[in-house]
Amino acid sequence: MQSSDQPILRDIVLIGGGHSHAIVLKSFAMHPMAGVRLTLICTDSHTPYSGMLPGYIAGHCSFDDVHIDLGKLCAMAGVRFYKASVTGIDRAAKKVICQGRPAVDYDVLSINIGSSPQVNHVLGADLYATPVKPIAQFNERWLAFLARASQAHTALRVAVVGAGAGGVELLLAMQYRFQKINAKVSFSLFTKGAAILPTHSAAVQRRLLRLLQVRGAAVHVNAAVTRVSQHHLYVGERVFDFDEVIWVTGAGGAAWLADTGLALDERGFIQVNDCLQSTMDVHIFAAGDIASMPNDKLEKAGVFALRQGMPLAENLRRSVQGAALKPYRPQKRWLALISTGDQHAVASRGALWSALTALGIGGANASGALLWRWKDWIDRRFMRRFSELLAMNESAHKPQPIRLAAGEKIKLTSEESLQAISAIAMRCGGCGAKVGATVLSRALGSLAPIANPAVLIGLHAPDDAAVVRIPAGKAMVHTVDFFRALIDDPYTFGKIAANHALGDIFAMGAIAQSATAIATVPAGLETKVEATLRDMMTGAVEVLNAAGCTLVGGHTGEGKELALGFAINGLADIASDGITLPKTMTKGTMRAGDVLILTKPIGTGTLFAAHPLGQAKGRWIDAALVSMQQSNQAGATCLLAYEATACTDVTGFGLLGHLMEMTKASGVDAEINLSALPLLQGAEECVAAGMTSSLQNANVGLKRAIKNQEAFAHHPRYPLIFDPQTAGGLLASVPKESAKACVTELKKSGYLQATIIGCVLPMGDAAGAITLIDTDICII
């Protein structure tokens, strides 16, 4: 979580993680603007560098080699990263509409989402062809087909539709990869044009055509595909049989752009002026393939997206400053290095060309290999620009103070200037630190807590306190949790905070009834405070509502960092004696012979210690966030059904700390199998790199409870039993005879990593209560 003493004055929102935006992120990482906050909205945490994609397909590069880790880059740059799909823009309200999350406010917006093959323009192509973009989806399909081809006993047939540089490179890369694994795959290339590579010289066209023919690919020119069905491709009256159709043609803009009111060209690309600014809206910019410059008809090539990055960054800065924009001047000619799959390349520059590559006849061509090495060096140097951000001087990260006098950096209205001065002035304590009533009312006005007839007085009828009826035969279960934000997305943080607080109720086997919130938000412009509070509480209320828990009130104050917590009230059945809780799980009722089950993986502490330092991969953080947003409610229901004898949720004290509480209260010992522990992706790597939570050392003090800790002190998983968890899973003791069935049912309920991690033992004579083992053999 990034924190700053500077109030947020302007929001620049970036849609898409294309090459131009990657360069913008690096620019703002190296030279931040005080008072300016960047937010990146993208469907994937890893964005591919198109220049290296053929090398990845051919097997010369790994996934990480060819992808920019947006999650890591944003963490290092202090940029909010929202993993979401954009569905529209409300230009009047200046909001980006997203699927499955609140709209995102912007002051300045930039779009760099690339182009997409228009498979919907050919009958059946949307159902039976695989478009090369989005690349993340194409990669899943490619890996599946690669595995299928490696095991196939008969030859498979692949059709590539589109014979531009992208289609030719992709076909040659796939052909080389299949050849290396001795898979029998034939290829055909289809283009509606009279020649392949229509934007390149005739000499380059001839050279690549000959190479395709030598490699055994069938090339069909003047062959417009009119229909695709399962295993068939139609060109007029001709029918071709195929096992896989790859679509690399007919690129256009995203469908949702049509409803934005922005000026688009005939293919759906955003029309921009020479400053990369929308010709229709001065607050919106676009770059890369999605941008169309009427004054310069540019080819859809990655070189332009790269060259537009720095001019775009400069104009985004100038836009929030109210300064004149600077025009971008595209180059007229550029060098294209077309890879041929076999670590050779063909060079092409407009009408001039150099085709230096192996033709697969009589050995390799040294010059073609040299060109490929040169291309590979260029590509890897570009990628290092993003992976080496950590080596920057720390002073580069320090924003300069906001100037609110004649030379102010950011253009503000007079009212905004007063609010900004107030935000950086000394703030009051006591009730003077409350968020203002107007802001609070607007932020919470859109919330819709679930209705509950037991709530007599709540947010629907605000008063000094909420009043909630306790049904007959029920006992009240109370809990409270509160912590500072661990990510820069208030909506997701709100969901995690609510899940975490509800965990104690579910661990007791109780039903959540009502909640009061306590929130802290940084001071700033009223519109920014309102948006942060609205998004955070929207996420929280969604989780509370799903749990049947009604938000009935709360308190919101100012603070340096975003924080949220809840006091949760739950209900548990009480027996006729007025004392016994027959259907409640507690910590102190474990029995020797029981089996220990953990419902969710561990590792959030080390991952989120590594995240702000740029040491955790974006996909690791994605998986951790998914886990933390998974409710423990269904897990608790399952454990009760299988007669769990004791239960707790694994949170701040780590797995060992919470297991110690259970063994001490139950008068038993326990055994943990380190090999059986379910771990979040990247947890073992991060803890091995020394990335541990600030609470880790305090938790390690509990190692005295381990009988044989010296024998396992250097085990790679040993530190993770102390790792503090946020919104962790349930740790339960279950009768041995029902443990396997319980785990099976937990997996059916969505807890895919639920597993048996150990067993409960009779109390021994030794001081320690916990024994560690390391075995692949299941204990039951």
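Q: Quick one to start: is C61 buried or exposed?
A: C61 counts as buried, at 9% relative accessibility. Buried means under 20% relative accessible area, exposed over 50% and partly exposed in between, using a 1.4 Å probe and protein chains only. This is a predicted model, where local features need pLDDT of at least 70 and side-chain atom pairs count only at pLDDT 80 or more, while totals for chains, interfaces and linings use all residues. Residues are numbered from 1 along each chain as its sequence is written, and side-chain values use heavy atoms, with hydrogens and water left out.

Q: How many disulfides does the structure hold?
A: 0 disulfides, where a disulfide is a pair of cysteine sulfur atoms within 2.5 Å.

Q: Which residues of α3 are buried?
A: L70, G71, L73, C74, A75, M76 and A77. That's 7 of the 8 residues in helix α3 (70-77), so the helix is largely enclosed by the rest of the structure. Helices here are DSSP runs of H or I with at least four residues, strands are E runs of at least two, and both are numbered from the N terminus.

Q: What caps the N-terminal end of α3?
A: D69 does, with a side-chain oxygen 3.2 Å from the backbone nitrogen of G71. Just after α3, G78 takes a positive phi of about 70°.

Q: Switching to strands: what's the order in the open sheet?
A: β6-β7-β8, with antiparallel pairing. β6 (86-90) and β8 (104-105) are at the edges with a single partner strand each, so one side of each has no neighbour in the sheet. Strands pair if DSSP finds at least two bridges between them.

Q: Which residue in β8 is the bridge partner of K95?
A: D105. Strand β7 (residues 95-98) is joined to β8 by 2 bridges.

Conventions: A polar contact is a pair of N or O atoms within 3.5 Å; within protein, one must be able to donate a hydrogen and the other to accept it, and residues adjacent in sequence count only if both atoms are side-chain atoms.
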